[in-house]
Amino acid sequence: MRSYIVFTKKELIEYGRTYKFFILFTIFIALGFMNPLTAKFMPKILESFMPEEIEIQLPPPSSLDSWAQFFKNVTQTGLFVAIIIFSGMMSREYEKGTLVNMITKGLPRQTVILSKFTASTLLWTLSYWTCFVITHIYTMYFWKGETVLELATSTLFLYLFGIMLISVLLIGSTLFKNSYGGLLFTGGFIAILFLLKLSHKIDNYNPLQLANQNINLLSGNLHPSELKSPLFVCCTVIILSIISSILIFDKKQI
Amino acid sequence: MNILTIENLSKSFGDNLVIDQMSFSVPKGSIFGFIGKNGSGKTTTMKMILGLLKPSRGTIEVCGERVKYGQTDTNRFIGYLPDVPEFYNYMTAYEYLKLCGEITGLSKKTIKDRSIELLGLVGLDHNNKRIGTFSRGMKQRLGIAQALLHEPKLLICDEPTSALDPIGRKEILDILATVRGKTTVIFSTHILSDVERICDHIGILHHGKIILSGTMQEIKKYYHQDSCLIEFSNSHDRDRFLQATTIENLESRETTDDVSVILKSQALKRMMQEIMSEMIRLDIVPVKLEILDPTLENLFLEVVK
Amino acid sequence: MDQYIEYLPVIIPLFIIQIILSITAVIHVIRHPNYRFGKKRVWIPVVLFIGFIGPFIYFIFGRGDD
């Protein structure tokens with residue numbers, strides 16, 4: 001336990017001093033502001049592209065549009081940035097050989113994995129929920145009195161999806177000496193999730209739903225209980241990923 | 001008492017046998033020079049002592065406890081300085097020592113006292129710069145400090161001087177000499193002058209085996225043999241000289257390059273007389289005629305032949 | 001102009017974040033002139049003028065080890 005806290009602290013210092021946390025956090029804050037702003041401006045932008053003769057009555061933007069931006073931006077930009085920032089978590093240490101000293105000083109190998117996971121998840125948590133709070137405040141400000149359904153559940157789902165990607169990235173980064181290896185591994189995992197969408201039967205279990213059904217939850221088209229199976233798969237993947245990372249790292253020559 | 005005992009240790013990577021039935025021991029309090037050419041298996045051996053590599057066969061004992069791969073409890077006795085120590089560049093030397101101390105489980109006060117003491121010893125006190133800005137030599141010195149932090153019984157240094165300039169090398173050797181008596185040191189190298197400067201025990205590793213080990217004096221005495229180096233002005237002179245019968249009858253003749261030869265004999269005086277009279281007879285004037293001391297280098301070249 | 005006033009509470013903080021990001025990056029570019037690739041005269045305009053992406057690319061890919 002002592003070494004777990006010590007090494008997690010080291011990880012957080014590393015993210016701080018290498019500007020990784022700064023970049024991640026500011027980008028998520030910026031997204032938080034941009035979501036409601038883009039939603040508010042979207043009709044105006046579309047209008048300016050329309051030829052003048054055509055009269056189209058665009059519905060005024062609603063709070064649902066603001067949240068649609070949140071889910072779109074966090075999955076497309078936010079998660080992408082987070083994955084790139086975390087991609088070197090193990091491989092950078094392999095490349096430089098910095099773990100040798102820690103392990104010979106008696107740091108248990110599994111602690112390394114657990115600390116890496118904890119630190120990156122902590123950063124993700126902080127960035128994600130800060131982004132959420134900002135979008136939430138401005139959505140309430142721009143669309144007073146409007147409410148959406150299942151906001152907490154829906155955002156929690158995407159949050160868990162993010163943790164799952166981090167845990168998959170952890171395996172990739174533990175496997176490969178090069179940080180691109182981890183990125184490719186995670187990219188491959190996401191590609192498989194997209195392929196699974198093709199089969200309707202399997203798609204009922206696809207954790208990808210936690211990241212692309214969010215708006216349907218908010219609008220009431222889908223009830224959270226219908227995503228039970230993807231949620232279960234997601235949590236299983238997280239746990240299995242951590243366990244397999246530990247097992248892989250135990251065998252790894254550093 | 002032996003701090004480290006290695007018995008019948010073997011390690012192969014695939015078909016490549018790197019360590020072959022190696023056995024040796026390191027007595028307490030010694031500075032042990034672990035000598036071998038590049039690629040002779042020095043680093044492999046050290047990594048097995050640290051439990052970072054799994055031996056194919058054989059046993060390693062540190063302070064009477066067996067080393068187990070993966071679960072390396074024995075590392076609490078050991079301080080390790082890798083050949084190219086890498087630290088977290090964004091930390092200061094003091095922060096790094098603090099991290100090491102916390103991982104080892106030392107108390108806050110011990111960490112502080114030891115860090116200050118060791119940073120002073122290695123000349124990095126009052127240095128608040130980040131490790132990323134350090135020179136090779138400074139990193140090597142920080143490496144010694146972190147290795148000595150938990151007052152290990154055994155300090156293992158992998159080629160600590162190889163990548164350094166003469167001043168950096170001297171600094172490292174001086175630091176190692178100051179821990180003599182307190183800590184047993186194993187020190188791998190291919191730079192023999194460094195070994196001669198500080199080691200009292202040596203082991204020569206060749207083709208995965210220890211082919212010679214013991215105290216420095218013993219070995220030098222045992223292998224004492226007089227030899228003489230002659231350098232000629234051209235190879236023609238040398239060949240003519242080597243064909244002379246008295247020279248052909250000498251115990252050992254070894255040509256090092258086109259114009260030189262090393263001759264060996266147990267009776268130095270007689271050999272020198274023969275050489276000189278042969279030269280007068282053949283009318284050859286050498287560029288250089290030198291009696292060689294039994295240096296470690298000569299000894300090393302001889303045993304790894 | 002009036003119609004934009006209601007957006008100021010969101011535009012101003014966004015603008016401030018952009019400034020903080022660019023300034024931090026530009027200071028780092030000047031004070032640590034060893035990059036993994038590129039030169040100082042490339043990095044300065046990149047972090048100043050390419051929105052959020054410039055500083056991101058600089059800190060994650062371009063920044064040399066301290």
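In which loop of chain B is the place of Asp283(B)? I looked it up: Asp283(B) is in the loop between helix H10 (268-282) and strand E14 (288-292) of chain B. Helices here (H or I, at least four residues) and strands (E, at least two) are DSSP runs, numbered from the N terminus.

Ground rules before going on. This is a predicted model, where local features need pLDDT of at least 70, side-chain atom pairs count only at pLDDT 80 or more, and totals for chains, interfaces and linings use all residues. Residues are numbered from 1 along each chain as its sequence is written, chains are lettered from A and ligands numbered from 1 in the order in which they are written, and side-chain values use heavy atoms, with hydrogens and water left out.

**Confidence.** I noted an ipTM of 0.91 and a pTM of 0.85 from the predictor for the complex. Chain C has a mean pLDDT of 88, with 94% of its residues at 70 or more; pLDDT is the predictor's confidence in each residue, from 0 to 100. Within chain C, helix H1 (residues 2-5) has the lowest confidence, a mean of 72, and helix H2 (residues 8-31) the highest, 93.

Asp283(B) is exposed, with a relative accessible area of 65%. My scale: buried is under 20% relative accessible area, exposed over 50%, partly exposed in between (1.4 Å probe, protein chains only). I found a second case in chain A, where Glu150(A) has a phi near 50°. Glu150(A) sits in the loop between helix H6 (109-142) and H7 of chain A, and is partly exposed, at 32% relative accessible area.

**Chain B overall.** I count eleven helices and 14 strands in chain B. Its C-alpha trace spans about 80 × 45 × 35 Å along the principal axes. Of its 305 residues, 52% count as buried.

**Strands in B.** Strand E1 (residues 2-13) and strand E4 (residues 57-62) of chain B run antiparallel, joined by five bridges; two strands pair if DSSP finds at least two bridges between them. Ile6(B) has Ile60(B) in E4(B) as its bridge partner. E4(B) also pairs with strand E5 (residues 65-66), antiparallel again, over two bridges, and there Glu61(B) partners Arg66(B). E4(B) and E5(B) make a hairpin with two residues between them, and Cys63(B) in the turn has a positive phi of about 50°.

**Cores.** A nonpolar core is a set of buried Ala, Val, Leu, Ile, Met, Phe, Trp, Tyr and Cys residues joined through side-chain atoms within 4.5 Å. The largest one has 171 residues, and Phe86(A), Trp124(A), Phe161(A), Leu4(B) and Val62(B) have the most contacts inside it. Helix H7 (residues 151-175) of chain A gives the most to this core, 13 residues. Apart from it lies another core of 16 residues, including Phe232(B) and Met272(B).
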